[in-house]
Amino acid sequence: MTNPLIICCAITGSLPTKANNPAVPISVAEQVESTHEAFEAGATICHAHVRNADETPSADPDKFAALKEGLEKHCPGMIIQFSTGGRSGAGQARGAMLSLRPDMASLSVGSNNFPTRVYENPPDLVDWLAAEMITYDIKPEVEAFDLSHILQAVKMHGDGRIKDTPYVQFVMGVKNAMPADKHVFDYYVETVNRLLPGAPWCAAGIGANQAVLNEWSIAAGGHARTGLEDNVRLDRDTLAASNAALVKRTVAIAERHDRPVATVAQARALLGLRAA
C-alpha cells in the first residue's frame, strides 16, 4: 500500500487535564511546543481546542488567534484544524473563531449521546457552521459518531452545504455512542467508498481504542488521528510522555503496513487544501 498516511494530532481537547497526564498542553505556549514536537514526529494536521488558565474549555477567538500564529511560525505548512465542538461553547460561539480562516475545522453534523450528556448539534447550527466554513474557505472534517452522520454528510455535499469532497472521520469508542466494533468500521468504510467514491477518510479511537483504530484505519487505506485529547496513555500502565510519543506510535503502525507518512505538501494535496 503506497498511498501516504495523513496523521492528525488532537493535542488538547476539552476534557483531559494535567491531573490526568502532566503532558496535556493547556496554555498556548505549551500547545505550540507540544504540536511542534508532534509535527517533527510526523503529524501534518493539528486538531486544536483552547483552554482557560484554570484548564476549563474556551471558545475565545483571541486564544485561537494566538495559537494559529504560533503554529504557523513554528510548524510551517502544518494543517491547522480548529474544533467547533460543543464542549467549548454554546450556539454560534462554537464557530466564532472561523473568521481566522484556519485550513480546516471539525463539523459534527448530528447529535448523539456522550458519557454524561447529549452532544447536541441542531440542524440550524450545523447549517450555520457549514456556511461559515464556505465563507472563509475552510475545509470541514465531518466527525461521524454514528452511521447517520456519514449519510448526512453525503446529503450536505449533494445540496452544496459542504462545498468540496467531504473528509469524514469515524469516531469510535465514546461511551454511550458508537463502540469500536470492526464490523461497524468495515461498513463505515464501505459506505464512504460507495457514496463518496475517492473521498479520503480518517478514524479516531477513544482511550485504549486509539491504537486499535489507528491499526484498522492504516491497514484499510485510511488516515489516522492520535493525540492526548483522545487518550493520555501508551498502555494501561504508562502515561504518554507527549503528543509526539503517540504520533511516533502511529508512525510505527504505518511502517508495519508499508504506509509512507504524508508530507505537508502531500497531505494538503490529498485533502484539496490551498498551498501553505
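Which residues are linked with Asp103 in a network of salt bridges? The network joins Asp103, Asp137, Lys163, Arg268 and Arg274. A salt bridge here is a side-chain nitrogen of Lys or Arg within 4 Å of a carboxyl oxygen of Asp or Glu.

## Basis of the report

This is a predicted model, in which local features need pLDDT of at least 70 and side-chain atom pairs count only at pLDDT 80 or more, while totals for chains, interfaces and linings use all residues. Residues are numbered from 1 along each chain as its sequence is written, and side-chain values use heavy atoms, with hydrogens and water left out.

## Helix α6

Helix α6 covers residues 209–220, which makes 12 residues. Helices (H or I, at least four residues) and strands (E, at least two) are DSSP runs numbered from the N terminus. From its first C-alpha to its last, α6 reaches 16 Å, close to the 16 Å expected at 1.5 Å a residue; the expected span is 1.5 Å times one less than the number of residues. Just after α6, Gly221 has a positive phi of about 95°.

Gln210, Leu213, Asn214, Trp216, Ser217 and Ile218 are the buried residues of α6. Buried means under 20% relative accessible area, exposed means over 50%, and partly exposed lies in between (1.4 Å probe, protein chains only). The elements that these buried residues pack against are β10 (167–172), α5 (182–195), β11 (201–205), β12 (223–226) and α7 (243–256). Contact is counted for heavy atoms within 4.5 Å.

## Salt bridges

In total, the structure holds 14 salt bridges. One of them is between the side chains of Glu30 and Lys18, at 3.3 Å from N to O. Glu30 lies in helix α1 (residues 28–41) and Lys18 in the loop between β1 (7–10) and α1, so this pair ties together parts that are 12 residues apart in sequence. Glu30 is partly exposed at 31% relative accessibility, and Lys18 is partly exposed with a relative accessible area of 28%.

Helix α5, one of the elements packed against by the buried residues of α6, also holds a salt bridge: Arg194 pairs with Glu190, their closest N and O atoms being 3.3 Å apart. The two residues are 4 residues apart in α5, so about one helical turn separates Arg194 from Glu190. Arg194 has a relative accessible area of 45% and is partly exposed; Glu190, at 35%, also counts as partly exposed.

Arg161 and Asp159 form another salt bridge through their side chains, at 2.7 Å from N to O. Arg161 is partly exposed at 22% relative accessible area, and Asp159 is partly exposed at 43%.
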